[in-house]
Amino acid sequence: MADDSIDALIEDMVNAAKLPAKARAINIKSTVASFSTLAYEEGIVPAALDRLIDLVTIPNYLDQASLASVVRNLYPAERVSPNVVLHVVSALGHGALKAPLSLQAALLKWLVMVYHVLETPAVLAQAYSVLFNLLDTAAIRLNLSRQTGNDPPLVGLLRVFKDYYPEIIVGEAVRGKASAFKHPDVLWRSRLAEIQDAHRQRAAEQRPTGPQSGFRVNRPVNRAQRNKAVPIVLTSHATEDSVTLEEVEDVSSFVAKMDKLELPNQLVAVLADPLLQKLLILRPNPESYQRISNWLSAVFQEVMAGDADEATLWEVLEVVREFVVQTKTIPPLLLSFFSQFFNIWGGEGKRDVCFDILGFTPFHDFGELHRLIFQPLEAAVQYFAPSSQQGLLQMYTNLLRQWTAILQASDTIPEHASATIASLVLHTNTLALTLLQTSPSVTTDASILDFYEQTTRVITDAKLKRYMRIELPPSPLIYTFLFNNSLATVSRICFILACYKRGIETAVATRPRAPATDAAPRIDSHTYDRPFVNLFNGYIMDVCNLFWRNRGFNDTDTNAQACTLSPATINALAAYAVSVDRALPLTSFFSLSHSPVLCYQSIERVRDLEDDAMEHDGEIRVRHGGPVTQSTLTRLANAGGMKLSWQDYRIEVLKNLADNGFPGIAELLKNAMTVLKRSIDGRLSIQGTPMQP
């Protein structure tokens, strides 16, 4: 909207410039004043800048005061194109069609002030001969001197001219103070930087979200957007041989100037400035980090002593969170502060800030970390359940992800690694079960599965799987998810179990060997005892019985657990099933054809197969009504319908599920029954083959 207003004002000024003052219908001074205000606030986009340069360089009926006001407020919102620069240069010099000399001086000053935002600074070098030749005659030089007075930039430029052409006498023109190369208006340049930052921010908000370059210092557009507790990057002690961070505009500039970059006044600005973070990572300095720690220590001491208000604490911690997320590093001082703070904190305030920070806790013994930090944290936020429990679960998921990355990057695996990861998983098992009771929802299920999927990345990594013991989720959690009303949830828990199965099978097939002296113990056949393997085999057998074998809730098969239901419960459910449909026993209620989350996908696959059969083999007289059983497929074929075996039907359903983004059930069944894997490849025999210890 601001751009539209500026365009309207420019249109009014352009139209007024074509008419003498007495012939105008508007007051041009108020129009120029309105334009100046908007240009100062919002800046000028390239198209508008082109029109304004035309306005101030081509003779017209506007008074010089108005034109000078326009030039003073030419704040480009984006980089200045070479065409604009050449247009200004071509307007300089003597002639009836040239701008007045005072206006030319203002335009030259403007070129100096926008030099750092030129698209192609080399364009001025290309036009240098033109600029220099404008001082070719003594008359021009002396006229300029007389009209502008003892103007320091002009005097300095004339001195340069005299150095190159000492035989030319410039007389009194070169006397007086001269600061030719000092910036003509530092405040104007500062405002320009704010305008361009604000324009970039607005443009970024209108574009699809994407990664930011992070190769410019963080310049808040106004004070209200600044974090008042943490200072911004400000360098006031640079030398002639150094470069300030504020001068870096892009990655090329950063790389070229990195060795000369001067550190800012207050290094704690690193907490909120991505560019300074990059510099300290590439040029690490213990003294620099000590300065940051000292600043944080002072703030935290004030908090603990009651000398700083709560708002200041959370303001600092929010900035620290951004620093930690970007660098994936927590200052040790912060962990020490948390260990004290959580013991006196009531859990109020921005709990998510603490959760986000602690998701990057360094890899140490979990028991020690739990005693010093996590247990006090959980106690502090317990009155805000279940939202605090969900935050804790996300924190532990992030922590496991961070530790996995650390271990993957390590040359050697620490001796305590497996025990530490196992302790984290066991602790989160309890939290996950609690959440299933306090906040049952699809969102909760998804968050819990996120954690266990992260555990599979540990045990399937080519390097880590040789050292990490698998800890199983609790039985109630597994069966709650297996009987969930979300197909995505059922698929995800099956995929997790399939990953665990491959890991355990690899371990029990590995012969023990002496560990290296500098490495953690290897996972082998001694890692998992018989009760552990039997328990896991029970999960797998129950899944096979439910989805594939039509023997759900069976406890007579080896290791089968009847989904942990008691005989009395199973008998009651079986009696109810018979009362509903005598043809459908309880054992088939959760098969591929009848499961509440699978029945629709199953019959849809049959419909697709029938459509394919009609397209390729001609018309079929009868379609299957569903749900599909072995006997209904036989009757269908005898009645002139599609010929499809019971085995092929189930394999088609599994393939269809996988193709539609639900591969977990097929993955688990293939891993649990070797012959089924062969069947999918073309073989038709099937039998259960649970893993043996």
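The side chains of Glu453 and Arg492 meet in a salt bridge, with N and O 2.9 Å apart. By salt bridge I mean a side-chain nitrogen of Lys or Arg within 4 Å of a carboxyl oxygen of Asp or Glu. Glu453 sits in helix α21 and Arg492 in helix α23, so this pair ties together parts that are 39 residues apart in sequence. Helices here are DSSP runs of H or I with at least four residues, strands are runs of E with at least two, and both are numbered from the N terminus.

Before going on, a word on the source. This is a predicted model, in which local features need pLDDT of at least 70 and side-chain atom pairs count only at pLDDT 80 or more, while totals for chains, interfaces and linings use all residues. Residues are numbered from 1 along each chain as its sequence is written, and side-chain values use heavy atoms, with hydrogens and water left out.

Asp450 counts as partly exposed, at 32% relative accessibility. The cut-offs are these: buried is under 20% relative accessible area, exposed is over 50%, and partly exposed is in between, using a 1.4 Å probe and protein chains only.

How many salt bridges are there by this rule? The count comes to 19. Another one joins Arg623 to Glu610, where the closest N and O atoms are 3.0 Å apart. Arg623 lies in the loop between α26 and α27 (630-638), whereas Glu610 lies in helix α26, so the pair ties together parts that are 13 residues apart in sequence. Are these two residues buried or exposed? Arg623 is partly exposed at 39% relative accessibility, and Glu610 is buried at 0%. There is also a network of salt bridges, which links Arg321, Glu322, Asp352 and Asp356.

Glu604, Asp608, Asp612 and Glu615 form a negative surface patch. Asp and Glu count as negative, Lys and Arg as positive, and His and the chain ends are not counted. Patch residues have over 30% relative accessible area and no salt bridge; like charges are joined within 9 Å, and nonpolar side chains (Val, Leu, Ile, Met, Phe, Trp, Tyr) within 5 Å. The charge is placed at NZ of Lys, CZ of Arg, CG of Asp or CD of Glu.

Now a buried residue. Thr428 is in helix α20, residues 417-438, and has 0% relative accessibility. What does Thr428 touch, leaving out residues up to four places away in sequence? The list is Leu393, Tyr396, Phe451 and Tyr452. A contact means heavy atoms within 4.5 Å.

Last, the whole protein. It has 30 helices and two strands. Of its 693 residues, 45% are buried. Among contacts with a separation of 6 or more, 67% are between residues 24 or more positions apart. The accessible surface comes to about 34,900 Å², and carbon and sulfur atoms hold 54% of that. Those areas come from the Shrake-Rupley method with a 1.4 Å probe; for residues, only the protein chains shown count as cover.
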